[in-house]
Amino acid sequence: MKAHIAVLPGDGVGPEVTTEAVRALRALAAQFDHDFEFTEAPIGGVAIDATGAPLPPETLALCERSDAVLLGAIGGPRWDNPAAPVRPEQGLLELRKRLAVFANIRPVRLCDTLSDRGPLRADLARDVDLVIVRELTGGLYFGKREEGEQQATDECKYTTAEIERIVRVACRIASGRAGRLVSLDKANVLATSRLWRRTVDRIARTEFPGLRVEHMLIDSAAMRLVTHASTFDVIVTENMFGDIISDLASVLCGSIGLLGSA
């Protein structure tokens with residue numbers, strides 16, 4: 001394999017993480033006769049400090065012409081003012097949008113030897129092995145917004161096509177595991193969640209008839225995740241719900257896992 005990889009260390013622990021990741025990739029390349037070329041570029045807070053933009057045009061251009069992007073982390077105490085006109089997170093959202101990175105895949109698996117080291121009792125954390133599939137380029141984070149002194153509006157919008165593609169990713173993953181898919185929404189309140197639920201049912205019924213599909217409200221799922229986490233196999237949900245639920249799940253094994261995005 002020959003590949004050009006854009007490396008975006010970013011902020012905080014990002015440079016430390018990407019440095020070790022590049023070392024691992026170089027070792028793999030040497031062992032299996034791959035040819036990896038790495039080019040670094042700034043993103044996030046360090047990019048704001050250097051250029052005034054969280055995603056400089058040169059960084060975006062590098063990513064668009066590369067075969068893969070290795071991203072560390074963005075943000076930190078120096079840039080944590082949510083009212084600032086330019087924020088590190090803006091660069092991350094723009095990168096996702098421009099590269100159409102719509103599927104965030106977060107595995108959560110606890111090693112037996114660490115089951116008594118987390119914040120949950122060992123009997124609650126035991127046998128946790130699940131995957132959260134989060135839609136990454138739609139919903140509230142990418143909707144129209146208006147912000148004034150007395151009123152603010154954030155639009156939550158999803159299309160059938162956006163839901164279909166993420167559901168197919170989740171269904172394929174579930175098909176290769178225990179064959180169980182839980183879709184999280186807030187269908188008792190939100191119109192987008194009702195569209196989400198109908199689309200999940202249709203895709204699962206017509207394209208993945210062997211799957212067992214369950215719908216769950218996001219608030220109920222949060223409770224179940226810390227009381228019966230081992231009952232989950234694959235979870236699929238929209239952008240904001242996925243952001244929150246995957247951070248909650250991270251405490252089960254000590255850290256958020258990220259296999260990759262598609």
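**Notebook: contacts, burial and backbone in a predicted model**

I began with contacts (heavy atoms within 4.5 Å). Among those in the protein chain between residues at least 6 apart in sequence, 75% join residues at least 24 apart.

I noted the basis of the entries: this is a predicted model, in which local features need pLDDT of at least 70, side-chain atom pairs count only at pLDDT 80 or more, and totals for chains, interfaces and linings use all residues. Residues are numbered from 1 along each chain as its sequence is written, and side-chain values use heavy atoms, with hydrogens and water left out.

**Entry: the whole chain**

I counted nine helices and eleven strands in the protein chain; these are DSSP runs numbered from the N terminus, helices being H or I of at least four residues and strands E of at least two. Along the principal axes, the C-alpha atoms fill a box of roughly 55 × 45 × 40 Å.

For burial I used relative accessible area: buried is under 20%, exposed over 50% and partly exposed in between, with a 1.4 Å probe and protein chains only. On that basis, 41% of the 262 residues count as buried. I also recorded that the chain exposes about 14200 Å², of which carbon and sulfur atoms supply 53%; the areas come from the Shrake-Rupley method with a 1.4 Å probe.

**Entry: R134**

I located R134 in strand β5, residues 129-135. R134 counts as buried because its relative accessible area is 3%. Its side chain makes a polar contact with the side chain of N239 at 2.8 Å. A polar contact is a pair of N or O atoms within 3.5 Å; within protein, one must be able to donate a hydrogen and the other to accept it, and residues adjacent in sequence count only if both atoms are side-chain atoms. Leaving aside neighbours within four places in sequence, I found R134 in contact with residues including R96, F102, Y141, I166 and D243.

I placed T18 in helix α1, residues 14-32. T18 is buried, since its relative accessible area is 2%. The T18 side chain reaches the backbone oxygen of P15 at 3.2 Å. Beyond four places in sequence, T18 is in contact with V7, L8, P9, L70, L71 and G72.

I placed L60 in helix α3, residues 57-65. L60 counts as buried at 9% relative accessibility. Not counting residues up to four places away in sequence, L60 touches L55, L95 and R98. I also looked up I43, 17 residues from L60 along the chain: the two C-alpha atoms are separated by 9.2 Å.

Most residues other than glycine have a negative phi.

D33 is found in the loop between α1 and β2 (35-40), and counts as exposed at 67% relative accessibility.

A100 is found in the loop between α4 (88-99) and β4 (103-109), and counts as partly exposed at 42% relative accessibility.
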